[in-house]
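I opened this notebook to keep a record of what I looked up, one entry at a time. I begin with how the chains meet and then turn to each chain.

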Amino acid sequence: MRTGYLIRRLGTAILVLIGVVLVTFIMLHVIAPSPGRAALGLRATPEQVAAYNLANGYDRPLIVQFFSYLGQVVHGNLGWSYSLNQSVVSLLKEKAPLSAFLSGASTVLAILIAIPLGIYQAVKRNSVGDNVATAVAFTLYSMPVFLLGLILIDIFALSLGWVNANVGQDQSLSGALAHFTDLILPIVSLTAVAVASYSRYQRSAALDVMAQDYIKVARAKGLAERLVLTRHLVRNSALPMITLIGLSIPILLAGNLLIEGVFNINGLGLLFFKSLGSEDYNVLIGYTLVGAVLTVLGNLVADIALTAADPRIRLV
Amino acid sequence: MTTIDSLAPTTPDSTPDGGEVGKVQSGWRLALREFASSKLAVAGFVVLILLILFCFVGPVFYHSDQLNSNLLLTDLPPGQGNPLGTDGNGFDVLGRLMKGGQTSLEIGLFAALIATVIGTLWGAIAGLAGGIVDAAMMRVVDVLLSIPFLFVVLIVSVRFSSNVTSLSIILGVFSWLIPARLVRGEVLTLRVRDFVSAARVMGATRSRLITRHLIPNALGTVIVNITFQVADAILALSALGFLGFGVQYPGTDWGDQLYDGAGNLNNGYWWLIYPVGILLILTVMACNLIGDALRDALDVRLRRR
């Protein structure tokens with residue numbers, strides 16, 4: 001039963017991945033129909049552009065082009081950035097560590113804060129603490145992450161002068177970590193917004209679990225409240241968070257884009273933002289494809305992890 | 001705690017006599033009463049009405065030139081004649097907030113409606129068709145849901161001129177996936193219900209089943225989702241505006257104004273950030289509050305009667 005489920009899940013993931021490549025292929029063709037124009041610039045004559053497109057196979061039937069694109073993607077080739085004169089993959093590899101660190105650190109912090117907070121709120125529901133936490137979470141949840149970043153800069157960097165408003169332009173992770181204090185505000189912004197949404201889910205998940213019969217049974221048989229919480233409530237209510245984290249990868253990438261824009265951090269988000277300005281569609285769509293693949297894989301890993309952790313799912 | 005009393009069969013004297021039948025209210029009316037009893041929901045509703053009045057009726061009473069920039073009066077702090085100061089182009093900020101609010105609210109609503117119409121139809125058709133059609137349609141949703149929304153919207157908006165119509169369409173066309181999933185889920189549970197089977201047995205066509213039975217009954221879920229869609233669209237538009245892909249000059253939206261403010265943060269021009277930030281948060285929060293309360297009000301299981 002369980003392997004059957006995993007195989008089916010894997011099959012869906014592969015199907016979705018092919019669909020994702022198809023969508024990015026269509027986007028490339030609708031938005032940047034003439035790669036020759038992008039490669040040769042505005043001064044090239046139409047004949048030169050046509051010759052380039054012919055030489056590189058951009059005049060073949062779309063279906064043939066799709067399979068050659070799919071082949072390239074499978075081999076890790078996302079095309080060439082004509083504005084930065086570098087392959088898209090090497091660009092992404094260069095910028096990835098810093099962005100991965102920002103997103104990773106803020107997600108881990110957010111989970112570490114949101115799970116205990118949500119459970120506390122559920123256990124002490126309608127108390128002053130719960131209401132304050134709900135109000136703060138609701139405000140942060142209704143706020144774009146870049147606005148939070150701006151407010152934090154205004155308060156902590158400009159008014160109080162505790163940290164710099166801009167992060168050094170080191171694109172390597174080690175270089176950026178040398179000025180770690182500069183990364184505090186971006187990480188705090190990303191964490192706060194993530195905690196706001198995670199803790200809402202955790203609170204309602206914990207409330208659902210608390211209404212279950214096995215909690216009543218545990219209490220009725222005289223189990224210490226501490227053990228009811230740790231053995232029954234935390235385990236059962238925190239597990240679904242795995243799926244939520246898998247699902248939140250697109251939001252994570254979007255937050256990363258906006259925060260790197262606000263703090264001028266030289267990572268993937270800033271690369272995407274600059275490529276919007278230079279209309280470098282190979283970079284834009286290459287990064288979008290990578291983001292989509294990460295999302296599919298994240299969901300797959302989350303589902304598999306949940307299957308491994310939660311025996312109830314094996315029956316499905 | 002469930003008490004023994006509530007589990008006991010109802011005693012004969014608790015059944016209403018004929019005269020009370022007229023008091024039974026429709027589900028919508030009960031939901032409305034439930035909604036009105038939530039203080040936060042009413043607060044959200046009032047705030048949203050005030051914001052709409054501020055943006056759309058405000059300019060009737062508060063006149064400011066939002067078409068001709070005045071480079072002699074740039075970045076003035078709040079004071080005489082400009083209650084909230086002026087921005088980098090010499091526009092009055094209070095008037096600018098109203099103008100930006102109009103576009104932000106319009107785009108938020110239009111995008112939500114577009115997304116809801118597409119999503120409702122897609123979900124209803126998939127749920128009703130079932131089998132391979134359903135599977136194929138839902139894989140399409142899975143695929144599009146995997147592609148980061150903000151990325152796609154940004155890439156597309158580079159190519160198209162940015163006005164209210166184009167931004168509404170861009171945001172709407174890429175955000176119908178969640179309503180599609182919700183409606184499909186509703187339809188899957190509704191289609192096996194007796195009244196749908198009865199209609200089918202009576203010879204109702206497929207389009208009649210969808211429009212007369214499935215969509216009206218899934219409407220609660222759809223309406224709740226519209227409020228969240230509006231909130232999300234306004235947030236997404238603010239991100240587009242902030243990155244420079246919002247409504248084009250001399251038009252404006254709140255994100256575009258935040259972008260101006262961000263560039264002047266170092267100069268201490270707080271009036272370019274905080275007023276617009278507060279309006280944005282209030283709007284999104286009001287939509288979310290209304291959505292939460294509507295969801296609770298329409299959820300029969302949560303209803304206290």
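**Entry 1: the contact between the chains.** Before counting anything, I noted that two residues are in contact if their C-beta atoms, placed from the backbone, lie within 7 Å. I also noted that this is a predicted model. With that rule in hand, I found that the contact takes 36 residues from chain A and 31 residues from chain B. On the side of chain B that touches chain A, at least two residues each come from helix H5 (131–146), helix H6 (149–159), helix H10 (206–242), helix H11 (254–263) and helix H12 (274–298) of chain B.

**Entry 2: chain B as a whole.** I looked up the secondary structure and found twelve helices and zero strands in chain B, so I wrote the pattern along the sequence as one α after another, following the DSSP runs. Chain B has 305 residues, and buried residues make up 43% of them. Of the contacts in chain B with a separation of 6 or more, 72% are between residues 24 or more positions apart.

**Entry 3: two helices of chain B that pack.** I reminded myself that two packed helices are described by the angle between their axes and the distance between the axes. For H5(B) and helix H8 (residues 177–190) of chain B, the angle is about 145° and the axes are 10 Å apart. Their crossing is left-handed. From H5(B), the residues that meet the other helix are B:Met138, B:Val141, B:Leu144 and B:Leu145, while H8(B) brings B:Leu177, B:Ala180, B:Arg181 and B:Arg184. By class, this contact has six nonpolar residues, no polar ones and two charged ones.

**Entry 4: a helix with buried residues, and the core.** I next went to helix H7 (residues 164–173) of chain B, whose buried residues are B:Leu167, B:Ser168, B:Ile170, B:Leu171 and B:Gly172. What covers these buried residues of H7(B) includes helix H4 (93–129), H6 and H10 of chain B. B:Leu171 turned up again when I looked at the largest nonpolar core, which has 149 residues. The members that touch the most other members are A:Val20, A:Phe146, B:Leu154, B:Leu171, B:Ala233, B:Ala236 and B:Ala239. The largest share of this core, 15 residues, comes from H10(B).

**Entry 5: chain A as a whole.** Chain A has 15 helices and two strands, and its C-alpha atoms fill a box of roughly 85 × 60 × 30 Å along the principal axes. Of its 316 residues, 37% count as buried. Among contacts in chain A between residues at least 6 apart in sequence, 70% join residues at least 24 apart.

**Entry 6: two helices of chain A that pack.** Helix H5 (residues 88–123) and helix H15 (residues 281–309) of chain A pack at an angle of about 60°, and their axes are 10 Å apart. The crossing of H5(A) and H15(A) is right-handed. H5(A) takes part through A:Val88, A:Leu91 and A:Leu92, and H15(A) through A:Asn282, A:Val283, A:Gly286, A:Tyr287 and A:Val290. I counted this contact by class as six nonpolar, two polar and no charged residues.

**Entry 7: one threonine.** A:Thr24 lies in helix H1 (residues 2–31) of chain A. Is A:Thr24 buried or exposed? A:Thr24 is buried, because 23 other C-beta atoms lie within 10 Å, and the cut-off for buried is 20 or more. Leaving aside neighbours within four places in sequence, A:Thr24 is in contact with A:Ile285, A:Thr288 and A:Leu289.

**Entry 8: two asparagines with positive phi.** Most residues other than glycine have a negative phi, and I therefore looked for exceptions. A:Asn126, which is not a glycine, has a positive phi of about 65°. A:Asn126 is found in the loop between H5 and helix H6 (128–141) of chain A, and counts as exposed, with 9 C-beta neighbours inside 10 Å. A:Asn264 also has a positive phi, near 60°. A:Asn264 lies in the loop between helix H13 (249–263) and helix H14 (268–277) of chain A, and is partly exposed, with 15 other C-beta atoms within 10 Å.

Methods
Residues numbered from 1 in each chain as written. Chains lettered and ligands numbered in written order. Predicted model: local features only at pLDDT ≥ 70, side-chain atom pairs only at ≥ 80, totals over all residues. Helix = DSSP H or I, 4+ residues; strand = E, 2+ residues; numbered from the N terminus. Axes fitted to C-alpha atoms, helices over the stretch in contact; angles between N-to-C directions. Left-handed = near helix turned anticlockwise from the far one by under 90°. Nonpolar A, V, L, I, M, F, W, Y, C, P; charged D, E, K, R; others polar. Buried ≥ 20, exposed ≤ 12 C-beta atoms within 10 Å, placed from the backbone. Core = buried A, V, L, I, M, F, W, Y, C linked by C-beta atoms within 7 Å.
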